[in-house]
Amino acid sequence: MYMERRTLEENRENKRDYAVLVGLRSPVLREDNADEESLAELAALVETAGGQAVGTILQSREKPDPHSFIGEGKVEEVRRMVQEEEATMVIFDNDLSPSQIRVLTEMTGVQVLDRSGLILDIFAQRAKTKEGCLQVELAQYQYLLPRLVGMWTHLERQAGTSGKGPIGSKGPGETQLETDRRHIHRKIDKLKAELEEVRRVRSTQRQRRQKNEIPVVAIVGYTNAGKSTLLNAITGAGIPANNRLFDTLDTTTRLLTVSDTLDVVISDTVGFIRKLPHQLVEAFKATLEELEYADLLLHVIDVSNPQWQQQASIVEDLIHELKADQIPCIRVYNKCDVAFSGERSHEEDAVSISAKTGEGIPALMEAIDRRLDKGTRRVVIHLPYDKAGMLDSLYREAKVEDVAYQESIDVTAVCPPKVLGQLKDYIEGWTEPKEDWE
């Protein structure tokens with residue numbers, strides 16, 4: 001018995017918390033419903049947060065109990081499991097009201113957290129850049145605001161109203177709760193202003209890219225689908241890519257040469273997840289607004305996951321919510337080295353790859369090139385010396401690779417259609433491009 005206990009302690013010593021997971025399945029909950037799959041995902045989220053799931057309870061009810069959410073009999077079962085497993089917290093797969101969190105905390109004797117609270121905790125741990133930290137902090141304050149009631153046991157009037165404070169220290173008669181509310185509202189306004197500044201800078205960068213006519217490709221997908229691994233595989237970005245949920249929170253942007261006539265700016269985005277807290281969707285608009293301005297989306301899907309179809313539809317719903325569903329999209333079926341890919345229908349805009357082994361990456365590059373082909377071509381231009389003034393506009397409007405001064409000025413350049421049209425008389429071997437109907 002002593003040895004078993006010691007082994008258990010050794011297994012647990014590196015974990016922050018030991019959690020009992022609880023979910024409620026009810027016809028009235030719709031999207032917020034819990035099931036075996038969402039509880040398994042919750043266990044993975046706990047692991048990502050540095051904790052360990054030590055027990056799971058799934059309750060089915062006609063509708064949630066307004067007081068204790070799962071009913072007092074079930075809460076007693078949770079409390080017993082907490083004691084038996086020596087758990088330090090209870091995490092619900094559903095969203096709870098502030099009063100339900102308070103009641104459940106009192107009844108179980110340990111900290112109670114809901115799914116949104118857990119995701120916010122992970123985001124707070126993972127965010128690294130100033131922008132990411134601002135967004136997480138904003139989401140946390142928006143989540144905290146309605147939950148302030150009951151967080152304080154000292155709701156007596158401040159500074160001397162209880163008769164215990166020193167003479168002359170009688171406060172304005174404001175409760176701690178009201179002070180905190182004002183403080184949080186001020187913080188939220190300040191964070192929104194700082195995020196607006198981030199958006200302004202991002203908008204300036206975007207205008208510069210549009211001026212240079214560099215297309216933008218955004219990688220989207222369910223959390224842990226392999227987005228960072230893909231970005232590393234095609235750009236050598238060196239982003240940490242681990243097998244855990246929400247490993248990437250901060251957008252990484254790289255320049256990628258897709259073909260000899262196409263360069264793109266490619267961005268990794270935060271992973272989507274079912275039941276993403278609405279505070280996070282709001283707070284991450286500054287990052288995800290890049291999607292609105294993308295020329296192409298790469299929707300990475302982990303086909304080794306049995307739930308891949310459901311995960312793909314969750315991502316598509318969020319793309320719709322972000323008003324980015326008009327943008328062309330290539331479905332990138334990832335992890336095809338460990339999953340049988342024959343079961344999927346042959347879609348026109350789909351590529352099967354393995355970001356880990358590199359299988360299918362050339363086909364993906366071809367698909368990107370095909371979708372973003374704006375008629376840009378690499379050509380050799382023989383400019384007569386009396387047309388040398390055109391060289392200046394070539395440097396401005398095309399990508400000049402080589403200039404040789406011989407019988408004529410021989411320029412090798414990657415040119416957009418407008419420049420090709422202006423200089424076609426001087427282009428070596430020029431033939432008019434055929435229209436689609438020809």
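Select aspartate 392 and arginine 396: they form a salt bridge, with the closest N and O atoms 3.1 Å apart. The model is predicted. Both residues sit in helix α13 (residues 390-397). They are four residues apart, about one turn of the helix. Aspartate 392 is partly exposed, with a relative accessible area of 48%. Arginine 396 is exposed, at 58%.

How many salt bridges are there by this rule? The count comes to 14. Two further pairs are on this tour.

**Next stop: helix α3**

Select glutamate 76 and arginine 80. Their side chains meet in a salt bridge, 3.8 Å from N to O. Which helix holds them? Both belong to α3 (residues 72-85). Because they are four residues apart in that helix, about one helical turn separates them. Check the surface again. Glutamate 76 has 32% relative accessibility and counts as partly exposed. Arginine 80 counts as partly exposed too, at 42%.

**Next stop: aspartate 93 and arginine 115**

Select aspartate 93 with arginine 115. Their side chains form a salt bridge, at 2.5 Å from N to O. This pair links distant parts of the chain, 22 residues apart. Aspartate 93 lies in the loop between β3 (89-92) and α4 (98-108). Arginine 115 lies in helix α5 (residues 115-126).

Glu41, Asp93 and Arg115 are linked in a network of salt bridges.

**Last stop: α2 against α5**

Show helix α2 (residues 36-48) together with α5. Their axes come within 10 Å. The axes cross at roughly 35 degrees. Which hand does the crossing of α2 and α5 have? The crossing is left-handed.

Now colour the contact residues. From α2, select Ser38, Glu41, Leu42, Leu45, Val46 and Thr48. From α5, select Arg115, Leu118, Ile119, Ile122, Gln125 and Arg126. Colour them by type: the contact divides into six nonpolar, three polar and three charged residues.

Keep Glu41 and Arg115 on screen. Glu41 of α2 and Arg115 of α5 are among the residues making this helix contact. Both also belong to the salt-bridge network with Asp93.

Definitions and conventions
Residues numbered from 1 in each chain as written. Predicted model: local features only at pLDDT ≥ 70, side-chain atom pairs only at ≥ 80, totals over all residues. Heavy atoms only, no water. Salt bridge = Lys/Arg side-chain N within 4 Å of Asp/Glu carboxyl O. Helix = DSSP H or I, 4+ residues; strand = E, 2+ residues; numbered from the N terminus. Buried < 20%, exposed > 50% of the residue type's maximum accessible area, 1.4 Å probe, protein only. Axes fitted to C-alpha atoms, helices over the stretch in contact; angles between N-to-C directions. Left-handed = near helix turned anticlockwise from the far one by under 90°. Contact = heavy atoms within 4.5 Å. Nonpolar A, V, L, I, M, F, W, Y, C, P; charged D, E, K, R; others polar.
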